[in-house]
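Hi,

Here is the structure I promised to pass on. Have a look first, and then read my notes below.

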Amino acid sequence: MKYNPALDGMRAVAIVLVFLSHAHAPMFDGAFFGVDLFFVLSGFLITSLLLKEHQQSGRLDFWRFYKRRFLRLGPALLLFLAAYWVFAPLIWPGLDDVNQDVVVSALYLADYGIAFFDSPDTLLHMWSLSVEEHFYLIWPPLLVLLLAHTARKQLWRPVLLLVVLMFVWRAYWVAQGQHFYEIFFRFDTRATGMLLGSALAAVAVHRPEWMDALHARQKYLLWLLPVLPFAVIGYEWDDAGALLWGFALVELVAAAIIVAVSKQKGVLFDMLSLPALVWVGKMSYGIYLWHYPVVRLLRAHTDWQWVVILGLPISAAFAALSFYTIERWALGLRDRSGSSKPVAQPAGSRTA
């Protein structure tokens, strides 16, 4: 599948929203929805990759998939956690849970750790990486099971059914009055975005008969785009409506963006393909890793304007240092180790 720079631009929008949320910028209380853009895009890209491999070889090489995921994500995470372990006690002398935070984050247990045990604390942002890691572990074997019992062009149907079931599961816990943070951070209550992206990937790769009709009417999908700023402004932390309709609406917006830029033409594609946005999108994983401690440090000493002005460039600098050193080395190792079994890359970042 051809590389699509607009999907890197979409990543950039997502990471900027998350950054503004953590910077406590006024009117951006609901900018935590940026994570939902990540989730849908991640589900789309990973499932596209898996379905392409299945088309080419008739099977999925689980070991190869997990090894490639580790080489893409693991080295940067371990570098960040090592730096945090060394410098956090110097920056925040009162911290007494540095070791615990590092271990929980390294084991990708932060989503349930935060939801039920308030750990990690200073590394609160690790929850979304844990959610995605749980998806990577569970989804490939489940996808194989679905492929074995479903016609290719109908695969989107059971995946979409899973989206609905997971939405109902989240709604059940909201109705039970479970705490906002216990629902917000958990994989089982946040899987809808990645599954919706997966359903979209099934449509994009297997191209059922109605796919062309969808593309012909994609301009109508763009009416969903204003939902995103309204959700960011209209919802805030601890709002039960965000758990139900906020997440669902922003996930639909993310799906609409992916469809709208898939032909790689049009105003939205041109906007999201601006070189600066594409570069930020390529750095988005590293920016996400480094930004939260940077923001917390700046928030303690300055106003939100300076947190935004200083924090994003500092985070991007750390991300670039990581990307052009250890991540580039790991990506080269990943690509060399998989060179004997080429698989088309998904139509997103070249580093997906």
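Before the notes, one definition: helices here are DSSP runs of H or I with at least four residues, numbered from the N terminus. Also keep in mind that this is a predicted model.

Let's start in helix H1. Arg-11 and Asp-8 meet there through their side chains in a salt bridge, 2.8 Å from N to O. The two are three residues apart in helix H1, so about one helical turn separates them. Asp-8 is buried, at 0% relative accessible area, and Arg-11 is buried too, at 14%. Lys-282 joins in as well: Asp-8, Arg-11 and Lys-282 are linked in a network of salt bridges. Helix H1 (residues 5–22) also holds His-22, which counts as buried at 18% relative accessibility. The side chain of His-22 makes a polar contact of 2.7 Å with that of His-291.

How many salt bridges does the structure hold? The count is seven. Another one joins the side chains of Arg-72 and Glu-327, at 3.1 Å from N to O. That pair links distant parts of the chain, with Arg-72 in helix H3 and Glu-327 in helix H18 (residues 304–337), 255 residues apart. Arg-72 is buried at 7% relative accessibility, and Glu-327 is buried at 3%.

Then there is Asp-121 with Arg-296, whose side chains meet in a salt bridge of 3.8 Å, N to O. Asp-121 sits in the loop between helix H5 (110–117) and helix H6 (126–149) while Arg-296 is in helix H17 (residues 284–299), so this pair ties together parts 175 residues apart in sequence. Asp-121 is partly exposed at 38%, as is Arg-296 at 24%.

Now the aromatics. A search of the whole structure turns up 26 aromatic pairs. One of them is Trp-169 with Trp-173, edge-to-face, with 5.5 Å between centres and 85° between planes. These two are four residues apart in helix H7 (residues 156–175), so they too are about one helical turn from each other. The charged end of Arg-186 sits over the ring of Trp-173, 5.5 Å from its centre. Arg-190 lies over the face of Phe-184, 4.7 Å from the ring centre, and Phe-184 belongs to an aromatic cluster that also includes Phe-180 and Phe-185.

Last, the surface: Trp-85, Val-86, Phe-87, Leu-90, Ile-91 and Leu-297 form a nonpolar patch with about 590 Å² of accessible area together. Helix H3 (residues 62–91) gives the most to the patch, with five residues.

Cheers

Methods. Residues numbered from 1 in each chain as written. Predicted model: local features only at pLDDT ≥ 70, side-chain atom pairs only at ≥ 80, totals over all residues. Heavy atoms only, no water. Patch = residues over 30% accessible without salt bridge, like charges linked within 9 Å, V, L, I, M, F, W, Y side chains within 5 Å. Areas by Shrake-Rupley, 256 points an atom, 1.4 Å probe, with all protein chains shown as cover. Salt bridge = Lys/Arg side-chain N within 4 Å of Asp/Glu carboxyl O. Phe/Tyr/Trp six-rings, centres within 6.5 Å; stacked < 30°, edge-to-face > 60°. Lys NZ or Arg CZ within 6 Å of the ring centre and 35° of its normal. Buried < 20%, exposed > 50% of the residue type's maximum accessible area, 1.4 Å probe, protein only. Polar contact = N/O pair within 3.5 Å; in protein donor to acceptor, adjacent residues only side chain to side chain.
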